[in-house]
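Colleague: I am new to this structure and would like to go through a few parts of it with you. Could you take my questions in turn and show how each answer is reached?

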8 protein chains.
Amino acid sequence: MAPEKLLELLSELQQGKTTTEDVVARLAHLPYEDLDFAKIDHHRPLRTGMPEVIYGAGKTDAQVLEIFARMAAAGGNVLATRVSPTAAEAVRQKFPGAVHHAIARTLALRQEKREPRPGTLAILCAGTSDLPVAEEAAVTAELMGNTIARVYDVGVAGLHRLLAQREVLTQARALIVCAGMEGALPTVVAGLVRAPVIAVPTSVGYGASFGGIAALLGMLNSCAPNVAVVNIDNGFGAACFATSILAAREA
Amino acid sequence: MAPEKLLELLSELQQGKTTTEDVVARLAHLPYEDLDFAKIDHHRPLRTGMPEVIYGAGKTDAQVLEIFARMAAAGGNVLATRVSPTAAEAVRQKFPGAVHHAIARTLALRQEKREPRPGTLAILCAGTSDLPVAEEAAVTAELMGNTIARVYDVGVAGLHRLLAQREVLTQARALIVCAGMEGALPTVVAGLVRAPVIAVPTSVGYGASFGGIAALLGMLNSCAPNVAVVNIDNGFGAACFATSILAAREA
Amino acid sequence: MAPEKLLELLSELQQGKTTTEDVVARLAHLPYEDLDFAKIDHHRPLRTGMPEVIYGAGKTDAQVLEIFARMAAAGGNVLATRVSPTAAEAVRQKFPGAVHHAIARTLALRQEKREPRPGTLAILCAGTSDLPVAEEAAVTAELMGNTIARVYDVGVAGLHRLLAQREVLTQARALIVCAGMEGALPTVVAGLVRAPVIAVPTSVGYGASFGGIAALLGMLNSCAPNVAVVNIDNGFGAACFATSILAAREA
Amino acid sequence: MAPEKLLELLSELQQGKTTTEDVVARLAHLPYEDLDFAKIDHHRPLRTGMPEVIYGAGKTDAQVLEIFARMAAAGGNVLATRVSPTAAEAVRQKFPGAVHHAIARTLALRQEKREPRPGTLAILCAGTSDLPVAEEAAVTAELMGNTIARVYDVGVAGLHRLLAQREVLTQARALIVCAGMEGALPTVVAGLVRAPVIAVPTSVGYGASFGGIAALLGMLNSCAPNVAVVNIDNGFGAACFATSILAAREA
Amino acid sequence: MAPEKLLELLSELQQGKTTTEDVVARLAHLPYEDLDFAKIDHHRPLRTGMPEVIYGAGKTDAQVLEIFARMAAAGGNVLATRVSPTAAEAVRQKFPGAVHHAIARTLALRQEKREPRPGTLAILCAGTSDLPVAEEAAVTAELMGNTIARVYDVGVAGLHRLLAQREVLTQARALIVCAGMEGALPTVVAGLVRAPVIAVPTSVGYGASFGGIAALLGMLNSCAPNVAVVNIDNGFGAACFATSILAAREA
Amino acid sequence: MAPEKLLELLSELQQGKTTTEDVVARLAHLPYEDLDFAKIDHHRPLRTGMPEVIYGAGKTDAQVLEIFARMAAAGGNVLATRVSPTAAEAVRQKFPGAVHHAIARTLALRQEKREPRPGTLAILCAGTSDLPVAEEAAVTAELMGNTIARVYDVGVAGLHRLLAQREVLTQARALIVCAGMEGALPTVVAGLVRAPVIAVPTSVGYGASFGGIAALLGMLNSCAPNVAVVNIDNGFGAACFATSILAAREA
Amino acid sequence: MAPEKLLELLSELQQGKTTTEDVVARLAHLPYEDLDFAKIDHHRPLRTGMPEVIYGAGKTDAQVLEIFARMAAAGGNVLATRVSPTAAEAVRQKFPGAVHHAIARTLALRQEKREPRPGTLAILCAGTSDLPVAEEAAVTAELMGNTIARVYDVGVAGLHRLLAQREVLTQARALIVCAGMEGALPTVVAGLVRAPVIAVPTSVGYGASFGGIAALLGMLNSCAPNVAVVNIDNGFGAACFATSILAAREA
Amino acid sequence: MAPEKLLELLSELQQGKTTTEDVVARLAHLPYEDLDFAKIDHHRPLRTGMPEVIYGAGKTDAQVLEIFARMAAAGGNVLATRVSPTAAEAVRQKFPGAVHHAIARTLALRQEKREPRPGTLAILCAGTSDLPVAEEAAVTAELMGNTIARVYDVGVAGLHRLLAQREVLTQARALIVCAGMEGALPTVVAGLVRAPVIAVPTSVGYGASFGGIAALLGMLNSCAPNVAVVNIDNGFGAACFATSILAAREA
């Protein structure tokens, strides 16, 4: 609850327009909606600038649909990640405007029109197998109002493919770099640019990649200092974090 | 080497002002200085906006001193991290203006004057034992031209201490949050602000903290989406990454 | 075997009412029932105050049914956890009174009536995906005679949802707190209450959550001192442990 | 801040006895003391029933002394754990009444007199090498007002030593069981009693004990349901948790 | 090749009964049979006293059948472990005398009659879910000529069930003890007997049992000195190792 | 781009045969083909002597087919590894000349005829279950122009099978040794030969083999100094590395 | 307590020679000696055939001395392992007959004379650095009445050194094989003999040996079936286990 | 023993020039020297082309000296690695010609003169802290007759430093690449050359570098196929492996 909101509330109390009991109650009950099995935090966009998003994994199709419907009713954009094809189908029957990106495993309903904010967010990936993660990041970031430049399949064992894209990289205001296996791409990229590089380890690989641990450790130990890391396969989180950077320019 | 630089070089060639051999040589030799055991990358500040920094751990006092001297001769600010007291002493005998922060284990020589850039960078830590990491971040960030707000000893088991600082948090343009043990502080902070939160796990703890692994995993799995993570105890990297965010606002 | 039981037995021997061979035999054979592939410990309720419970995972439907039937014949409440839908169906055909909770994956037959013991046990979870674990705890604890207060979907990235339930938390005599991902909820809760907090890491998450390890480590390293931890996804164990606390008040 | 406190504060506001600005300020500033490098949470005892305790590891002697002095000035009992001999000496010069337990590595100043609460807390350990952890638990629990029964060196490879203490075990209202190596003792004990068993893995062992991991995993996987676990070597936390159980009986 | 065999061969050479080329060839070609994808070591029984055994996992049904047929043709007992039901069916169509133990996942063809060797081998398991491992050990050991005493479902949380079997335990000449979860049973058993205890961790459990790692570590760290450990779920290896102990008595 | 190529390009510029813009463009755009979801590096064979290869895992059948077709059009040999049977079928419908090795999971199209280079590459494996990895290595190495000697099923527990093949081993110019479980075979082999031994851990095993980690660690810790290691199950990489050794002899 | 002992005790009761109270007391109090910080299990030799041994690590010199003295007073052989030089010195001043083996870090007092039992126990190690572990095993086994054959520095990278000792190996009734690094020696040895092989991983190595984990995993995954494993560096345990095997032949 | 050697030996036997006993003895006793605590394998150079080398870690100064002396007496070059300064001093007093490289921690005595073999071995490292490992490789490789090109401090975050050395890299016949932290350098290098790249992870780094694990995993997962890996910090092994490659060209 914003300080000004609190001052206003207390002024009403002071002026006798409300009771102490009422203030206590309102202090405690910030706006969220209780679905019994979930509490939708409609207040979050105000507080953090990020929409609450449906994480589809581990939820039944019916749960995904119900939460999606409630959020859609609130009028903002709605995003679900890690949605199964059947859940996507179920939602799209009720919300034909919702767009399902099969590779990114996302379902997006755009209800708000806004100008994309200035500055590009470059999204890179090392190989074709990293596409689902890179696209989850791209779809999320686009819905949050960013302009995206995709630079895919530029792994470090063929440097010239990467160097050919140098101009795109140096002009980006933030970069999301997805890579599995040894996860070296974010470090090499970060050595070429001034902007912050958000590294996303992917679970691509086999054997001693250990489902993304090798890439994760590689990125955490980057010898380039303008690198920070999110969870394995967390394209969504990378997009949110990038948005928090780019949006800050607006403030 | 920036594209315009290359175009200019090639024009000279076209105009007969230089030879092909010379161009090949200059293409290959971007400016770095070879100390035999180290190659100082004087070009890095131009390329990435970050000074090259001396990582003191695993270097002899003599090596630290020699690299420090070469960098100082280049005229910019010089920073050494993880310096031992004896290395610090050795450097300060030759560079009395170098400042040694014992808790942060840093040695800083400020040779450039510049206005601090607008916007504050908040640096938080969960407990007193996290101070060396938080201070490494603070000293680094200050030398790189940022304004710092320190918020220390605000662990999540006593939420009111954190909530009392809410105004400082919400006004920061970026936040660095250091925590060991369970590493929950960045998540709780990120739920209160819109700005990006850079999480720094520290090796504070014992037993199943495994030298910071517990905190690292906690931060990577944060349920707040505006969190990214750097290596355990990497206060320096967090400061560089934060600078890459704040500096972007200037561009 | 309780000391008084032994004294009585030895008295009978002393009085010639029994033989030494018989005593040796009875000392060795405390009451359990041998099903060849399992030994049912009917004596456990007397010894530990906890019913023996059928752990359904890794047992065939026929094995579950046979053990369930033997336990039911003993007259007490019967509980099976981690039961598959087919095993549940098989049992319910023979015991229509057995209740199957699909989300909790439990099967419960209540044959004993008793007053719920005084004091509430609060059961919290961080997100919707933690429900199976929280409900396993709730079903188990209810069958063992406790009064439950459910507080679900109150993750730490939206503190106001948790703080709104503060009254419920502070009045509970013990709390079970289930969370996956970074597992920070038990620590935050424990900072708000005086009662013991039993932390249950869940396998909810992906990537560096490592099937619950991140949450487990976070809880073991809690900076709040009134927290103890059970195995990943062990809602049943948390309920038993909580019962051992609440039941102690009766003694 | 307790609800009644808030109602009272708001009443004062309603009656014009205070201003809205003042209420906002007081809402934000619950009682803690700011030492610059540490914030002492004098409010914690009220909120959680546990004294704030000085964790000595990673603090300088001077820091330990300063925090100890501030806490002592507040009039309650003061406890420091993991204190080095030199830190203990430094504090005892100023506070001769502070008791240093060398094996437990604790420093305790008793300034409050209170009746020990009824019911015993049994503290067991498997071998002689577990004594530092068991004694840290014992010293902490005694200072918090509990009556302790020590049962040491009763490892499971010599069951008769444990069974000989059966009476002590069954009469305890809670048990703390410390063990390193394979960590089997808590499970065996929990099979003999009705009360809650708090398992403390210790770092005793070598090779594949991995500094307590083997014992920790053993305890988390206990096949007895009345067992919960704290961090490796965390005798202090076990004592606090046990106190939260025993103290609940008073309420 | 035994030394006497070599001496004999060289004598033949010395006496002109053979050529140097022939000796080199025979030195190199000890008896094994080459199936292209496998080399059957018919010599192993002579060398190590153990039949070569078909490890069924990762082999096609056709491969299992072909190796089984070749071994059967050699006239000794044949054993296949970890066989799928379809592989078992395929073999049994050709070898109706082969016995398939579904729980043990073994397929055994007994072609040699021999007296069981004196002395019993006790095989224990902690719970019903450990049966496949215990039975793999039992079937293997029986085929190798041992007399087995099965003692199942005697976990340490109900000590009386184990103590009731004490006579069987103390009379065994070797013991195989299978347990998952915390894996404490071998340690407790080893404290009651003089004979060697072969501990078999099983993958029974969930969460922090990590597929048997917890049990494995517990057994490796046993505080009882007459315990040695084999791989997780390796009932077959335990039986072979036990046979190497019991057979030694015959020599 | 080779230095001579660059000199030539710059000469053309100097002579007015080209423009600076053109040179910049050509410097940046080395030959690769952009399929939107993949960038085919036709330049790699020139640069590294290795064909770019399609890693089939995680790609759709359509993606495999499209990349395969593009590569085939370039005229060289084409290799795909880890291809599913359906992807192999799809490709073979269009390229009937492509050979599918089911065990090796490879698909190879030979369009270049060349003499096999002199010297043999020995490929060994410890057991039948290691065949897929050994065959992936063999198929790859053959396509790259090497002569292979296969030595299969020669695990260290039956040394005579290995020693019988000693002549093949000592004559090889490089050796690839695949083994799962304890992974000891490369060390034993390396003690018998002068040539480099490339160790390939396989994921064969169960329990504490941890999907090949045990074998990997064993090989990394080899007490023989002429051993280097590639990733678990990476038969393809071992073949490439061996080729880089054998091809060097040609230079 | 042996069954016959119990029958006798109960007969006395039946005949009025003792009271029920006395029987209960004696049942509970099997012979151990309570030193406050340790309970010496004088009964263990009777029960398990192994002397209780002082594990010196983590005990003060004074504690080692006191326990040593108590055990010596009981008249049997006394053994302390992992003793520091100062502890050894302290004990030897009081017990000049105690022998200190510096490499094995043992202290042994032989007070019982007995014939060595028939049959040799072979103790092997792979390299010179494994000597402390091998010698701990040898000293322990000798004190327990076994005849030892030492075969040292026979690592698998030089097979001929091992094969030269083949006769010693095949004649041993049990073998202890110590190895660090890749830990392959026990497997190779087990392929040459019929007797049980007790594998002891040592912490010898660096890097990816991880303090003995690589060797431990290698041994657990041995492809030879007559191998069982004890804890890293546990020469003492290996000797006890071997004794339990060899002593069984006497029964 | 080479086959021709065996044929010759057997001919002598056939011709009556020797006895069967003698042949058996000679077959068994290949040339090694027994120092009681070590068996020096003088035969290894013949068999594997590598001198046996003294691994100094974990050996006493006296042991190092004794083995060094015996090897020197055999007349070839002698190398000791990981030698402490005191051991080096002890050896150099007796062998003044032995050269001690303090950074490489090696001690080398050159007694054989030979022409360096043709072709260079490039040795690279990413940072100054990797020097000890790179120099251990360089000293070892030089003693084994190779020509070295050192390329140090060329980490991937400053690509131009590496690219400036491209000519050296492409002309090398093999490359050893040492890197800690994220370990990306070998992959980038391997993308630029045709020759085999031997990757050496170093323990340089902190936090999530886990003593070299991050670098090790990065290298094992390299997306460049001409990379193989040795143990962490194993500069010696890398040099031996490189020698086995370069020497093969001579055969």
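**A walk through the model**

Modeller: Leaving aside neighbours within four places in sequence, E:Ser209 is in contact with D:Asn221, E:Val204 and E:Ala214. Please keep in mind throughout that this is a predicted model.

Colleague: Turning to chain F, which residues of α4(F) are exposed on the face turned away from its buried side?

Modeller: Helix α4 of chain F, residues 61-73, has 13 residues and reaches 18 Å from its first C-alpha to its last, close to the 18 Å expected at 1.5 Å a residue. Its buried residues are F:Gln63, F:Val64, F:Ile67, F:Phe68, F:Met71 and F:Ala72. Seen down the axis of α4(F), these buried residues fall within an arc of 155°, so they line one face of the helix. The face turned away from that buried side carries the exposed residues F:Ala62 and F:Ala73.

Colleague: Which residue with a positive phi follows α4(F)?

Modeller: The helix in question is α4 of chain F, residues 61-73. With a phi near 95°, the residue that follows α4(F) is F:Gly75.

Colleague: In the open sheet of chain B, which strands stand at the edges?

Modeller: This open sheet has 4 strands with mixed pairing, in the order β3-β4-β6-β5. An edge strand here has a single partner strand, so one side of each is left without a neighbour in the sheet, and in chain B this applies to β3 (54-55) and β5 (99-101).

Colleague: For chain A, what share of the residues count as buried?

Modeller: The secondary structure of chain A comes to 11 helices and 11 strands, and the chain exposes about 8700 Å², of which carbon and sulfur atoms supply 54%. Among its contacts between residues at least 6 apart in sequence, 63% join residues at least 24 apart. Of the 251 residues of chain A, the share that count as buried is 62%.

Methods:
Residues are numbered from 1 along each chain as its sequence is written. Chains are lettered from A and ligands numbered from 1 in the order in which they are written. This is a predicted model: local features need pLDDT of at least 70, side-chain atom pairs count only at pLDDT 80 or more; totals for chains, interfaces and linings use all residues. Side-chain values use heavy atoms; hydrogens and water are left out. Contact means heavy atoms within 4.5 Å. Helices (H or I, at least four residues) and strands (E, at least two) are DSSP runs, numbered from the N terminus. The expected span of a helix is 1.5 Å times one less than its number of residues. Buried means under 20% relative accessible area, exposed over 50%, partly exposed in between (1.4 Å probe, protein chains only). The arc is that of the directions from the helix axis to the C-beta atoms. Accessible areas come from the Shrake-Rupley method with a 1.4 Å probe; for residues, only the protein chains shown count as cover. Two strands pair if DSSP finds at least two bridges between them.
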